[in-house]
Amino acid sequence: MKRLAPWLLLALLLAGQAFAAAPLPPDSVYQFNVTLTDQDGHAQPLAARRGQVQLVSMIYTSCAMVCPMIVDTMKLTRKAVAEPGRDKLALLAVSFDPARDSVAALRHYAATRKLDMRYWTLARTELKDARPLAALFGLQYRQLPDGDFNHSSELILLDADGRIAARTTVIGRIDPAFVQAIDKTLATH
(Lines give C-alpha, C1' and ligand atoms only; values in the text may rest on other atoms or scores of the structure.)
Protein backbone atom coordinates (compact mmCIF):
# COMPACT_ATOMS: atom_id res chain seq x y z
CA MET A 1 0.00 0.00 0.00
CA LYS A 2 2.87 2.40 0.80
CA ARG A 3 4.26 1.89 -2.70
CA LEU A 4 0.91 2.72 -4.24
CA ALA A 5 0.50 6.03 -2.40
CA PRO A 6 3.13 8.01 -4.40
CA TRP A 7 1.82 6.60 -7.69
CA LEU A 8 -1.76 7.37 -6.71
CA LEU A 9 -0.79 10.92 -5.76
CA LEU A 10 1.04 11.38 -9.08
CA ALA A 11 -1.97 10.04 -10.99
CA LEU A 12 -4.28 12.45 -9.19
CA LEU A 13 -1.97 15.39 -9.87
CA LEU A 14 -1.73 14.52 -13.55
CA ALA A 15 -5.51 14.13 -13.78
CA GLY A 16 -5.93 17.57 -12.21
CA GLN A 17 -3.50 19.09 -14.72
CA ALA A 18 -5.35 17.41 -17.58
CA PHE A 19 -8.62 18.91 -16.35
CA ALA A 20 -7.08 22.36 -15.91
CA ALA A 21 -5.62 22.21 -19.40
CA ALA A 22 -8.89 21.06 -20.99
CA PRO A 23 -9.80 23.35 -23.87
CA LEU A 24 -12.60 25.82 -23.38
CA PRO A 25 -15.92 25.08 -25.02
CA PRO A 26 -16.39 27.18 -28.17
CA ASP A 27 -19.38 28.99 -26.61
CA SER A 28 -17.51 29.96 -23.43
CA VAL A 29 -17.33 33.67 -22.60
CA TYR A 30 -13.82 32.88 -21.40
CA GLN A 31 -12.75 32.73 -25.05
CA PHE A 32 -12.84 36.55 -24.95
CA ASN A 33 -9.45 37.83 -23.88
CA VAL A 34 -10.25 40.63 -21.44
CA THR A 35 -8.69 41.66 -18.15
CA LEU A 36 -10.89 42.52 -15.19
CA THR A 37 -9.57 44.61 -12.31
CA ASP A 38 -11.45 44.06 -9.06
CA GLN A 39 -12.29 46.35 -6.15
CA ASP A 40 -8.95 45.52 -4.53
CA GLY A 41 -6.91 46.39 -7.62
CA HIS A 42 -6.17 42.79 -8.61
CA ALA A 43 -6.10 42.34 -12.38
CA GLN A 44 -6.87 38.95 -13.90
CA PRO A 45 -8.16 37.68 -17.20
CA LEU A 46 -11.86 36.89 -17.26
CA ALA A 47 -10.87 33.27 -17.94
CA ALA A 48 -9.28 33.08 -14.45
CA ARG A 49 -12.86 32.77 -13.15
CA ARG A 50 -13.18 29.38 -14.86
CA GLY A 51 -14.20 26.64 -12.46
CA GLN A 52 -16.87 28.61 -10.60
CA VAL A 53 -20.55 28.87 -11.28
CA GLN A 54 -21.41 32.54 -11.20
CA LEU A 55 -24.15 35.08 -11.46
CA VAL A 56 -23.06 38.01 -13.64
CA SER A 57 -24.40 41.42 -14.55
CA MET A 58 -23.10 44.79 -15.68
CA ILE A 59 -23.72 47.99 -13.73
CA TYR A 60 -22.20 51.40 -13.05
CA THR A 61 -21.66 52.62 -9.52
CA SER A 62 -23.10 56.12 -9.90
CA CYS A 63 -26.44 54.67 -11.03
CA ALA A 64 -29.12 55.68 -8.55
CA MET A 65 -32.00 53.45 -9.60
CA VAL A 66 -31.68 50.31 -11.71
CA CYS A 67 -28.16 49.19 -10.77
CA PRO A 68 -28.91 49.08 -7.02
CA MET A 69 -31.96 46.97 -7.93
CA ILE A 70 -29.75 44.64 -9.98
CA VAL A 71 -27.35 44.26 -7.04
CA ASP A 72 -30.24 43.68 -4.62
CA THR A 73 -31.72 41.10 -6.98
CA MET A 74 -28.37 39.32 -7.14
CA LYS A 75 -28.32 39.26 -3.31
CA LEU A 76 -31.90 37.94 -3.13
CA THR A 77 -31.23 35.35 -5.79
CA ARG A 78 -28.14 34.07 -3.99
CA LYS A 79 -30.15 33.75 -0.75
CA ALA A 80 -32.83 31.76 -2.61
CA VAL A 81 -30.31 29.19 -3.88
CA ALA A 82 -30.46 25.87 -2.04
CA GLU A 83 -27.75 24.93 0.46
CA PRO A 84 -24.97 23.82 0.19
CA GLY A 85 -24.68 25.13 -3.38
CA ARG A 86 -25.23 28.71 -2.29
CA ASP A 87 -21.67 28.99 -0.98
CA LYS A 88 -20.33 27.85 -4.36
CA LEU A 89 -22.11 30.61 -6.28
CA ALA A 90 -19.88 33.57 -7.17
CA LEU A 91 -21.34 37.00 -7.91
CA LEU A 92 -19.70 39.27 -10.49
CA ALA A 93 -20.78 42.81 -11.37
CA VAL A 94 -18.70 44.44 -14.09
CA SER A 95 -18.85 48.17 -14.71
CA PHE A 96 -19.57 49.48 -18.18
CA ASP A 97 -18.43 52.93 -16.98
CA PRO A 98 -14.69 52.42 -16.43
CA ALA A 99 -14.06 56.13 -16.94
CA ARG A 100 -15.71 56.85 -13.56
CA ASP A 101 -15.61 53.44 -11.89
CA SER A 102 -12.06 53.34 -10.61
CA VAL A 103 -10.85 50.68 -8.19
CA ALA A 104 -11.55 53.12 -5.34
CA ALA A 105 -15.11 53.72 -6.62
CA LEU A 106 -15.72 49.95 -6.80
CA ARG A 107 -14.35 49.46 -3.28
CA HIS A 108 -16.54 52.31 -1.97
CA TYR A 109 -19.61 50.87 -3.70
CA ALA A 110 -18.97 47.43 -2.18
CA ALA A 111 -18.70 48.96 1.29
CA THR A 112 -21.75 51.21 0.84
CA ARG A 113 -23.88 48.33 -0.46
CA LYS A 114 -22.55 46.01 2.30
CA LEU A 115 -21.54 43.31 -0.17
CA ASP A 116 -20.11 40.11 1.29
CA MET A 117 -16.78 40.02 -0.49
CA ARG A 118 -16.41 36.28 0.08
CA TYR A 119 -18.86 35.89 -2.81
CA TRP A 120 -18.84 39.22 -4.63
CA THR A 121 -16.43 40.68 -7.14
CA LEU A 122 -16.93 44.17 -8.48
CA ALA A 123 -14.76 44.72 -11.52
CA ARG A 124 -13.85 47.15 -14.22
CA THR A 125 -12.17 46.70 -17.55
CA GLU A 126 -10.54 49.03 -20.02
CA LEU A 127 -12.94 51.34 -21.85
CA LYS A 128 -12.18 49.64 -25.17
CA ASP A 129 -13.28 46.28 -23.73
CA ALA A 130 -16.49 47.33 -21.94
CA ARG A 131 -18.79 47.29 -24.98
CA PRO A 132 -17.46 44.02 -26.47
CA LEU A 133 -17.84 42.38 -23.04
CA ALA A 134 -21.42 43.66 -22.76
CA ALA A 135 -22.15 42.33 -26.25
CA LEU A 136 -20.68 38.98 -25.30
CA PHE A 137 -23.16 38.80 -22.40
CA GLY A 138 -25.97 40.03 -24.65
CA LEU A 139 -26.31 43.30 -22.71
CA GLN A 140 -26.80 46.74 -24.21
CA TYR A 141 -26.05 50.21 -22.91
CA ARG A 142 -25.67 53.74 -24.14
CA GLN A 143 -24.47 56.84 -22.39
CA LEU A 144 -26.94 59.70 -22.12
CA PRO A 145 -26.00 63.40 -22.50
CA ASP A 146 -26.12 63.87 -18.70
CA GLY A 147 -23.54 61.10 -18.17
CA ASP A 148 -26.00 58.48 -16.93
CA PHE A 149 -26.62 55.30 -18.89
CA ASN A 150 -29.62 53.61 -20.39
CA HIS A 151 -28.89 49.87 -20.13
CA SER A 152 -30.14 46.30 -20.06
CA SER A 153 -31.12 44.92 -16.69
CA GLU A 154 -30.38 41.22 -16.69
CA LEU A 155 -28.76 38.56 -14.56
CA ILE A 156 -26.74 35.93 -16.38
CA LEU A 157 -25.79 32.51 -15.05
CA LEU A 158 -22.44 31.15 -16.19
CA ASP A 159 -21.56 27.51 -15.70
CA ALA A 160 -18.08 26.53 -14.54
CA ASP A 161 -16.76 26.63 -18.13
CA GLY A 162 -18.17 30.09 -18.82
CA ARG A 163 -21.16 29.05 -20.90
CA ILE A 164 -24.36 31.03 -20.44
CA ALA A 165 -26.64 28.53 -18.71
CA ALA A 166 -29.59 30.85 -18.04
CA ARG A 167 -30.60 34.49 -17.87
CA THR A 168 -33.41 36.54 -16.41
CA THR A 169 -34.78 40.02 -16.92
CA VAL A 170 -36.73 39.82 -13.65
CA ILE A 171 -35.29 42.56 -11.44
CA GLY A 172 -36.48 43.62 -7.99
CA ARG A 173 -37.69 40.19 -6.97
CA ILE A 174 -36.70 36.54 -7.23
CA ASP A 175 -37.28 34.67 -10.48
CA PRO A 176 -38.09 31.09 -9.31
CA ALA A 177 -37.26 29.55 -12.70
CA PHE A 178 -33.88 31.28 -12.69
CA VAL A 179 -33.14 30.07 -9.14
CA GLN A 180 -34.06 26.56 -10.26
CA ALA A 181 -31.58 26.86 -13.16
CA ILE A 182 -28.88 27.98 -10.72
CA ASP A 183 -29.59 25.05 -8.39
CA LYS A 184 -29.42 22.63 -11.34
CA THR A 185 -26.14 24.14 -12.62
CA LEU A 186 -24.56 24.03 -9.17
CA ALA A 187 -25.65 20.39 -8.73
CA THR A 188 -23.76 19.38 -11.88
CA HIS A 189 -20.61 21.30 -10.92
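The charged end of Arg131 sits over the ring of Tyr141, 4.1 Å from its centre. Arg78 does likewise with Tyr119: its charged end sits over that ring, 3.6 Å from the centre. A charge sits over a ring if NZ of Lys or CZ of Arg is within 6 Å of the ring centre and within 35 degrees of the ring normal.

This is a predicted model, in which local features need pLDDT of at least 70, side-chain atom pairs count only at pLDDT 80 or more, and totals for chains, interfaces and linings use all residues. Residues are numbered from 1 along each chain as its sequence is written, and side-chain values use heavy atoms, with hydrogens and water left out.

**Aromatic pairs**

The structure holds five aromatic pairs. Rings of Phe, Tyr and Trp (its six-membered ring) pair if their centres lie within 6.5 Å; planes under 30 degrees apart count as stacked, over 60 as edge-to-face and the rest as tilted. Two of the pairs are set out here.

| Pair | Centre distance | Plane angle | Class |
|---|---|---|---|
| Tyr60 and Phe96 | 5.6 Å | 50° | tilted |
| Phe96 and Phe149 | 5.1 Å | 70° | edge-to-face |

Phe149 lies in strand β7 (residues 149–151), and Phe96 in the loop between β4 and α3, 53 residues apart. Tyr60 belongs to the loop between β3 (53–59) and α2 (66–80), so its pair with Phe96 ties together parts that are 36 residues apart in sequence. Helices (H or I, at least four residues) and strands (E, at least two) are DSSP runs, numbered from the N terminus.

How buried are these rings? Tyr60 has 2% relative accessibility and counts as buried. Phe96 is buried at 4%. Phe149 is buried too, at 9%. Buried means under 20% relative accessible area, exposed over 50%, partly exposed in between (1.4 Å probe, protein chains only). Ring pairs link Tyr60, Phe96, Tyr141 and Phe149 into a cluster.

**Helix α4**

Which residues of helix α4 (residues 127–137) are buried? They are Asp129, Ala130, Leu133, Ala134 and Phe137. Seen down the axis, these buried residues fall within an arc of 135°, so they line one face of α4. The arc is that of the directions from the helix axis to the C-beta atoms. Turned away from the buried side, the other face carries the exposed residues Lys128 and Ala135. The cover over the buried residues of α4 includes β1 (35–38), β3, β4, β6 (141–143), β8 (155–158) and β9 (164–168). Contact here means heavy atoms within 4.5 Å. After α4 comes Gly138, with a positive phi near 80°.
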